[in-house]
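Thanks for coming, everyone. Please have a look at the structure on the screen, and then I'll walk you through it.

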Amino acid sequence: MEDDKPLKPKARESTTLIYDEIGSRIVMFGGWSNAWMDDMLSLNVSSIVGPSYAIYKIIPALGPLTGR
């Protein structure tokens with residue numbers, strides 16, 4: 001990267017997110033933003049990840065994500 005500005009992903013919905021436990025990073029793949037995207041980005045969260053978490057419910061279960 002030429003400058004040190006962090007890469008900010010384009011707002012999207014219908015993306016896939018996973019947590020890579022070994023690499024301590026969140027990985028985002030694709031999604032929809034007026035067209036299907038096929039990019040992959042990752043965020044190293046090793047300095048902010050605490051103890052293991054369990055997500056039991058997400059409200060709302062369905063709906064668009066705005067990124068706000």
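I'll go through confidence, then salt bridges, then a loop, then a surface patch.

This is a predicted model, where local features need pLDDT of at least 70, side-chain atom pairs count only at pLDDT 80 or more, and totals for chains, interfaces and linings use all residues. Residues are numbered from 1 along each chain as its sequence is written, and side-chain values use heavy atoms, leaving out hydrogens and water.

Confidence first. pLDDT is the predictor's confidence in each residue, from 0 to 100. The protein chain averages 81. At least 70 is reached by 76% of the residues. Strand 2 has the highest mean, 93, and strand 1 the lowest, 91. Strands here are DSSP runs (E, at least two residues), numbered from the N terminus.

Now the salt bridges. How many does a search of the whole structure find? Two. The term means a side-chain nitrogen of Lys or Arg within 4 Å of a carboxyl oxygen of Asp or Glu. One joins the side chains of Arg12 and Asp39, at 2.7 Å, N to O. Arg12 lies in the segment before strand 1 and Asp39 in strand 3, so this pair ties together parts 27 residues apart in sequence. Is Arg12 buried or exposed? Buried, at a relative accessible area of 9%. Asp39 is partly exposed, at 26%. The cut-offs: buried is under 20% relative accessible area, exposed is over 50%, partly exposed is in between (1.4 Å probe, protein chains only).

Arg25 forms a salt bridge with Asp20, with the closest N and O atoms 2.8 Å apart. Arg25 is partly exposed, at 35%.

Next, the loop between strand 2 (25-32) and strand 3 (36-44), where Asn34 sits. Asn34 has a positive phi of about 65°, although it is not a glycine. Asn34 is exposed, at 73%. Ser33 is in that loop too, but Ser33 is buried, at 15%. A polar atom of the Ser33 side chain lies 3.2 Å from the backbone oxygen of Ala11.

Ser14 also has a positive phi, about 55°, and is not a glycine. Ser14 is in the segment before strand 1.

Last, the surface. Which residues form a nonpolar patch there? Leu17, Tyr19, Ile26 and Leu43, with about 380 Å² of accessible area together. Patch residues have over 30% relative accessible area and no salt bridge; like charges are joined within 9 Å, nonpolar side chains (Val, Leu, Ile, Met, Phe, Trp, Tyr) within 5 Å. Areas come from the Shrake-Rupley method with a 1.4 Å probe; for residues, only the protein chains shown count as cover. Leu17 is in strand 1 (residues 16-20) and is exposed, at 53%.

Conventions
Helix = DSSP H or I, 4+ residues; strand = E, 2+ residues; numbered from the N terminus. Polar contact = N/O pair within 3.5 Å; in protein donor to acceptor, adjacent residues only side chain to side chain.
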